[in-house]
Amino acid sequence: MSAREYDVVIVGAGFAGMYLLHRVRRLGMSVRVLEQGSDVGGTWYWNRYPGARCDVESMQYSYQFDDDLQQEWHWPERYSAQPDILKYAQHVADRFDLRKDIDFEMRLASAHFDEESAIWTLKAEDDTVTMARFFVMATGCLSAPNWPKIEGLKSFAGPTYHTALWPHEKVVFSGKRVAVIGTGSSAIQSIPHIAREATHLTVFQRTPNYAIPAHNREMDPELEKEIKTHYPTMRARAKTTSGGLDVVYNQGSIHDATPDERNSAFERNWQRGGLGFMSAYGDLMVDQSANEIAAEFVRNKIRERVKDPQTAERLCPRNVIGAKRLCVDIGYYETYNRDNVDLVDVGAAPIEKITPEGVRAHGRLYEVDALIIATGFDAMTGALTRVDIRGRDDASLAERWKDGPSTYLGLAMHEFPNLFTVTGPGSPSVFSNMLPTIEQHVDWIADCLGHAKSQGFKTVEAEANAEQDWWAHCQELGNIGLKTVTDSWYVGANVSGKARVFLPYFGGIPAYFKKCEEVVENGYEGFAFR
Ligand code: NA7
């Protein structure tokens, strides 16, 4: 196929790529989106496992760039399930007629920058070549599946499913013995569903996780009306909080509260449910002893929910609460009260191997008919480093990042002119409500493209010192408090061989948004236009 040429090529048709397509069109630039899936939706296209659901309330996890859209859309539940979020993405694609500019089932293999022409050449796995002046990786933070390195994984005789690559057709577990490897958010959401269907379920747990109940329910029409009436106010209020969520954060210290007051504060958050649990006190993520009080509150809830005391203790995490992303559950712990569910610890002694018959651990073979791999993602960098991206002087992004990434604002990298990343490492991204953060990045990138176009610039590139300073700042912020004391995907510790580096920006939404605005006000400070 001969090469096609566009002003802008966007990779990924999830919420970031879809909105960026809409924005770039309005700049009057030619644009094409390359998407590996066969429809829009990104994360919500791929993660179709039973029970997949967003851990942010839908009235907040939704676009705000178009008021008609946010007014007309009805979310059926407080925390929407994957099919409803996918339906929303499809509705947006229809409403803004996005699909005509998207190439589906086109997976990017390489992207090389030619300095003389200042053009990127993108090659897809099917050899389609697309040339672009500007190139945006809108490939998501949690989109490159992480396969565990367990001997014999491919030898399993039955079907193997990764939660992040779930089949489109319904998977039937009735009459089957099933194993789940992993106890992160994806496992915690899917395990109750699989347990209800399967003859027997064995869960292999390396590290227990803290899960806060979702208290999910049908959308309350009164609440929906109330929010829609004041949507802009609520959206603006959310942007004043560190995580971009409309939750009131108490800044006080837990040490100034009596045991009864602490208990009531945690109980209130527990009853409200969801990710806002840690908003009870301001020092929970900076002071180990404060954190331990919150952790013990959750452990006691686990002990109340799980009948067998030994199983309950094995489900109680001992690490810092909140250093890994909290999980939001619907009936997870109660699932272990069922007779057909077993929990196997593989923390101290890892899974020995997978055989055609099942999983071998502690010298015993657990025979199963189906294997579910719920081992998460090569988060934040995987989707970028798995593509052969080469910038000026043939600089390879994967090579540059082998000891950890560095970016300017999570938006751009020195030596990679005209390449932007949406919610890249070094931006609040996964520490925030992703939809508003995506919109802020897309708006920033679109404005920057518009600036380059109107001024007739051929290239825009992050300056080396701006990138170095920003990345050092991100690392400093990451090292404050307790975020990095536990192994997690925030620090790349979940992928064997990955450098341990703090990946997101931890200074909060208000500071980050302000910085991005100041950069523009100061004439795109830290960016060189040529
Ligand atoms: P996560 O949160 O990274 O969870 C992956 C789970 O898989 C976690 O419990 C891991 O244990 C476990 N794991 C990984 N490798 C192994 C091996 N080799 N053996 C046993 N267990 C293993 O991914 P999710 O998909 O659940 O969620 C990702 C995010 O998506 C989540 O934070 C939400 O934001 C949405 P570990 O804790 O590393 O010991």
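Three strands, S13, S14 and S15, form an open antiparallel sheet in the order S13-S14-S15. Strands here are DSSP runs of E, at least two residues, and helices are runs of H or I, at least four residues, both numbered from the N terminus. Two strands pair if DSSP finds at least two bridges between them. S13 (353-354) and S15 (364-367) stand at the edges with a single partner strand each, so one side of each has no neighbour in the sheet.

Before I go on, the ground rules. This is a predicted model, where local features need pLDDT of at least 70 and side-chain atom pairs count only at pLDDT 80 or more, while totals for chains, interfaces and linings use all residues. Residues are numbered from 1 along each chain as its sequence is written, and side-chain values use heavy atoms, with hydrogens and water left out.

Back to the pairing. S13 runs antiparallel to S14 (residues 358-361), and 2 bridges join them. Which residue in S14 is the bridge partner of Ile354? That is Val359. Lys353 has Arg360 as its bridge partner in S14. The link from S13 to S14 is a hairpin through 3 residues.

Now the other side of S14. S14 and S15 pair over 4 bridges, again antiparallel. Arg360 stands opposite Leu365 in S15.

Next, the whole chain. There are 15 helices and 20 strands. The radius of gyration, taken over C-alpha atoms, is 23 Å, close to the 24 Å that the globule rule gives for 530 residues, so the chain is as compact as a globular protein of that length. That rule is 2.2 Å times the number of residues to the power 0.38. Along the principal axes, the C-alpha atoms fill a box of roughly 70 × 55 × 45 Å.

How much is buried? Of the 530 residues, 59% are. Buried means under 20% relative accessible area, with a 1.4 Å probe and protein chains only. Contacts, meaning heavy atoms within 4.5 Å, reach along the sequence: among those between residues at least 6 apart, 72% join residues at least 24 apart.

Last, surface and charge. The accessible surface, by Shrake-Rupley with a 1.4 Å probe, is about 21400 Å², and 49% of that belongs to carbon and sulfur atoms. The chain has 57 positive side chains and 72 negative ones. Lys and Arg count as positive, Asp and Glu as negative; His and the chain ends are not counted. With charges placed at NZ of Lys, CZ of Arg, CG of Asp or CD of Glu, the centres of the two sets lie 3 Å apart.

Definitions and conventions:
Buried < 20%, exposed > 50% of the residue type's maximum accessible area, 1.4 Å probe, protein only.
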